[in-house]
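User: I'd like to learn how to read strand pairing in a model. Can you walk me through it?

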Amino acid sequence: MTDRVTTKYAASIAAAGKCLDDFMAAFNARDLKAWEATFNFPSLRLAAGKLVTIDKPGWHPADTFERGALKDWHHSAWQRRKVIHAGAGKVHFDTCFARYRADGSVIGQFDSIYIVTFDDGHWGVKLRSSFAP
């Protein structure tokens, strides 16, 4: 991305980046309500060979953090977050995040693309595609 584009859309990039900060903080806090507040619905997730549509808040089961790929999970952190495209109402991020156990050992690192949009006055995650389970 050119410096001109980065400068022109600096406010969009900053707002979309804050959305991703809030997304990770709410996820790590296991706060489903706050986490879902970082989405723009419908939101899509492409991972493990499945495309999932998240239609509305309340979609995630209450035990989301106690089962499946998150069973041994304690927290996650961004390893990389690079803007690859930006506009007034949408920012694409090339990311990598890591999942950790409580003892700090790494469960895995996953390359992904996050698309954050500005819909109805709200920045939120609209689409994620990752290699996470």
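User: Which residue stands opposite Arg80 in strand 4?

Analyst: First, the ground rules: this is a predicted model, where local features need pLDDT of at least 70, side-chain atom pairs count only at pLDDT 80 or more, and totals for chains, interfaces and linings use all residues. Residues are numbered from 1 along each chain as its sequence is written, and side-chain values use heavy atoms, leaving out hydrogens and water. Strands are DSSP runs of E, at least two residues, numbered from the N terminus, and two of them pair if DSSP finds at least two bridges between them. Here, Arg80 faces Cys96 in strand 4, and Ala86 faces Val91. Strands 3 and 4 (residues 90–100) run antiparallel with 10 bridges, and a hairpin of three residues links them.

User: Where does strand 3 sit in the sheet?

Analyst: The open, mixed sheet has six strands in the order 2-1-6-5-4-3. Strand 2 (50–54) and strand 3 (75–86) are at the edges with a single partner each, so one side of each lacks a neighbour in the sheet.

User: Is Gln79 buried, partly exposed or exposed?

Analyst: Buried is under 20% relative accessible area, exposed is over 50%, and partly exposed lies in between (1.4 Å probe, protein chains only). Gln79, in strand 3, has 39% relative accessibility, so it counts as partly exposed.

User: What does Gln79 contact beyond its neighbours within four places in sequence?

Analyst: Contact means heavy atoms within 4.5 Å. Gln79 touches Cys96, Phe97, Ala98, Tyr100 and Gln109. Gln109 is 30 residues away in sequence, with 8.2 Å between the C-alpha atoms.

Definitions and conventions: Helix = DSSP H or I, 4+ residues; strand = E, 2+ residues; numbered from the N terminus.
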